[in-house]
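Subject: Structure for you to look over

Dear colleague,

Here is the structure that I promised to pass on, and below it you will find my notes on what was found. Please read them with the coordinates open beside you.

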Amino acid sequence: METQLEQNKTVVKRFNLEVIEQGNLESFKELMDDQFINHTAPEGSDNGPGGMIYTFNQVLRPAFPDLKVTIYDQIAEGELVTTRKTITGTHNGTFMGMPPTGKKVAIQVIDIVKIVNGKYSEHWGINTLSTVLTQLATDYVIKQPVITHPETESIISNLFDKNSKI
């Protein structure tokens with residue numbers, strides 16, 4: 001017979017596979033408490049169930065349609081399950097205003113989830129999403145063509161001309 005701790009870990013595994021990776025709304029409804037609170041939601045955003053599913057189905061999945069979750073470790077104590085995982089995908093859609101780059105990304109995540117009666121009740125987490133966004137933005141900017149004005153070209157040329165009086 002599976003212990004309560006193992007059952008709680010199974011709930012988190014299901015959520016990661018069925019909700020985050022597959023976008024299954026029925027599983028989301030089954031595994032998410034109506035009073036769920038995401039303690040690490042960005043300031044000013046919905047920290048309830050709606051904000052959670054919005055992040056996965058309207059932000060991440062459209063930008064990374066091949067989203068995959070790999071769980072490395074889970075530790076359970078009482079009602080809490082801590083999970084170390086990576087969310088990977090290919091940037092083939094717009095992500096936070098950033099046009100597709102075709103780059104493969106990996107978001108490292110450590111989550112703590114409180115499970116009550118087999119459902120997500122509370123969440124705390126840290127991740128490297130901001131680092132991934134910075135890398136995508138940097139790559140995007142570097143790949144943009146340089147547009148110059150003839151006057152600018154003249155000034156730059158004069159800077160490298162030893163006989164120039166600039």
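Ile-75, which is found in strand S2 (residues 68-77), counts as exposed because its relative accessibility is 59%; by the cut-offs used here, buried means under 20% relative accessible area, exposed means over 50%, and partly exposed lies in between, with a 1.4 Å probe and protein chains only. Helices (DSSP H or I, at least four residues) and strands (DSSP E, at least two residues) are DSSP runs numbered from the N terminus. Leaving out residues up to four places away in sequence, Ile-75 touches Leu-80, Val-81 and Thr-82, where contact means heavy atoms within 4.5 Å. Ile-75 and Leu-5 are 70 residues apart along the chain, yet their C-alpha atoms are separated by 8.8 Å.

Two points on how to read all this. This is a predicted model, in which local features need pLDDT of at least 70 and side-chain atom pairs count only at pLDDT 80 or more, while totals for chains, interfaces and linings use all residues. Residues are numbered from 1 along each chain as its sequence is written, and side-chain values use heavy atoms, with hydrogens and water left out.

As for the overall build, the protein has five helices and five strands, and from the N terminus on its elements run α-α-β-α-β-β-β-β-α-α. Of the 166 residues in the protein, 34% are buried. Among contacts between residues at least 6 apart in sequence, 55% join residues at least 24 apart.

The largest pocket holds about 680 Å³ of space. On a 1 Å grid over the protein atoms alone, a pocket is an open set of points where a 1.4 Å probe fits, with protein on both sides within 12 Å along at least five of seven lines, and lining residues have an atom within 4 Å of a point. Grid points are joined across faces, edges and corners, and the volume is the space filled by probe spheres set on the points. The lining of the largest pocket consists of 27 residues, of which Asn-38, Pro-42, Thr-55, Asn-127 and Leu-129 are the closest to its centre. By class, 16 lining residues are nonpolar, eight polar and three charged; here Ala, Val, Leu, Ile, Met, Phe, Trp, Tyr, Cys and Pro count as nonpolar, Asp, Glu, Lys and Arg as charged, and the others, Gly among them, as polar. Helix H1 (4-21), helix H3 (49-63), strand S3 (80-90), strand S4 (104-116) and strand S5 (119-127) each supply at least two lining residues, and the largest share, seven residues, comes from H3.

Which residue marks the bend in H3? H3 bends by about 30° at Thr-55, the bend being the angle between axes fitted to the seven residues ending there and the seven starting there. The end C-alpha atoms of H3 are 21 Å apart, which agrees with the 21 Å that its 15 residues should span at 1.5 Å a residue, since the expected span is 1.5 Å times one less than the number of residues. The buried residues of H3 include Gly-51, Met-52, Ile-53 and Phe-56, and what covers the buried residues of H3 includes H1, helix H2 (25-31), strand S1 (32-38), S3, S4 and S5.

H1 bends by about 25° at Phe-15, and Phe-15 is one of the buried residues of H1, as are Asn-8, Lys-9 and Glu-18. Just after H1, Gly-23 takes a positive phi of about 70°.

Positive phi values also turn up in residues other than glycine. Met-96, in the loop between S3 and S4, has a phi near 50° and is exposed, with a relative accessible area of 52%. Asn-117, in the loop between S4 and S5, has a positive phi of about 55° and counts as exposed at 78% relative accessibility.

Asn-92, in the loop between S3 and S4, counts as partly exposed because its relative accessibility is 47%; neighbours within four places in sequence aside, Asn-92 is in contact with Ala-63, Pro-65, Pro-100 and Gly-102. Gln-108, in strand S4, is partly exposed at 38% relative accessibility, and its contacts, with neighbours within four places again left aside, are Lys-85, Thr-86, Ile-126, Asn-127 and Thr-128.

With best wishes
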